[in-house]
Amino acid sequence: MQLQWRKWFRVVHRDFGYIFFGITLVYSISGIALNHLDDWNSNYIIVRKEITVKKPGQIYPAITRAEVKALLKEIGEEDNYKNHYFPQSDQLKIFLKGGSAIINTETGIGLLERTTRRPFFREMNYLHYNPQVSWTWISDIFAGALIILAITGLFLVRGTKGITGRGAWLTLLGIIIPGIILLIFFY
Amino acid sequence: MKKFTVLSFITIILFSASTLFAQDKSTVTSTAVSADLKSMVLSPETFQDFAVNNVGKEVEIKGMVVHVCKHGGKKLFIIGEDPEKRVKITTSDKVSVFEPELEGSTIMVKGIIEPIAEEELPEAEKSNQDADHTNYYHVPQFSISCMAFKTIEE
């Protein structure tokens, strides 16, 4: 009995497509997000606001927690106080629940930063970064499945639109593009 | 029968996955609490000098978190008494991400000393460097790859 390899390729391609639909979206969405990390923070929403408090004056190198909280009271953040330190002699950095504030002790002008987690993208990015050994296994299986999907995909269609016709040119194009990039930037 | 087979298949997959993930979790927890590992407790002030001749060794270090990278949570910086002496802590296969909520907390880190490969930046970009990301203040040459950490003080 002749093995119907094209039929099996189609079955494998179809079912792998279903199984790995979700994980493909995880890697593609997070891939775009991480490619543009310098332009857009896909993990956190960071909101910055300029603030002004009464000039703290000569408080370096020591200031008590009560004094810091008094400063925070002016901007309504006294209940969010966590800790503080001086990055420089004229800068007081205050850590808050959900953010931080940095204040110039000579001018009283500062910046309040609030950080919240960006839903959805953050979860996608977490998975993209291979967080656990178990996920490394899953992503290895996914990578293997992509190879199988790519190979079986070549032989799904017969005739002029298949791998012996238009398919061959398109496949070649897909190989040439990374090849050109390597020639220009790598070699 | 078909439905039963599909349901059994899904149950087996879910069970296997949960077992696998549970194993991961227990590994991390046991690493965090194991007390029999022989490691040295350092302060951020003494770390750089100690690290010169001890690359690859496991150490413990305690300090306040002054910055967590908010792009990917892959690194944080801790200080002790001297804010100029910051130590870079990076994630590893044991600790995958640092949450920004750690900023301001005092933590104890257990990890492996690693040399930092300094990035060669074009002259034009040097003035735009963010101190939090490049250690502009003192340019340390060693960091710690975090194997486990615990928060001592929120």
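Entry 1. I looked up helix α4 of chain A (residues 121-128) and found A:R122, A:M124 and A:N125 buried, buried being under 20% relative accessible area with a 1.4 Å probe and protein chains only. They lie on the same side of α4(A), because they cover an arc of only 160° around the axis; the arc is taken from the directions from the helix axis to the C-beta atoms. Helices here are DSSP runs of H or I with at least four residues, strands runs of E with at least two, numbered from the N terminus.

I note that this is a predicted model, where local features need pLDDT of at least 70, side-chain atom pairs count only at pLDDT 80 or more, and totals for chains, interfaces and linings use all residues. Residues are numbered from 1 along each chain as its sequence is written, chains are lettered from A in the order written, and side-chain values use heavy atoms without hydrogens or water.

Entry 2. I checked what covers these buried residues: the cover includes α2 (21-35), β1 (44-52) and β5 (109-117) of chain A. After α4(A) comes A:N130, with a positive phi near 55°.

Entry 3. I took A:N125 of α4 by itself. A:N125 has a relative accessible area of 1%. Leaving out residues up to four places away in sequence, A:N125 touches A:S30, A:A33, A:L34, A:S42 and A:N43 (contact: heavy atoms within 4.5 Å).

Entry 4. I turned to α2(A) and helix α5 of chain A (residues 133-154), whose axes come within 11 Å and cross at roughly 100°. The two are therefore roughly perpendicular (65 to 115 degrees). The contact is made by A:I23, A:T24 and A:Y27 of α2(A) with A:W135, A:I138, A:S139 and A:F142 of α5(A).

Methods. Buried < 20%, exposed > 50% of the residue type's maximum accessible area, 1.4 Å probe, protein only. Axes fitted to C-alpha atoms, helices over the stretch in contact; angles between N-to-C directions. Parallel < 35°, antiparallel > 145°, perpendicular 65-115°, else oblique.
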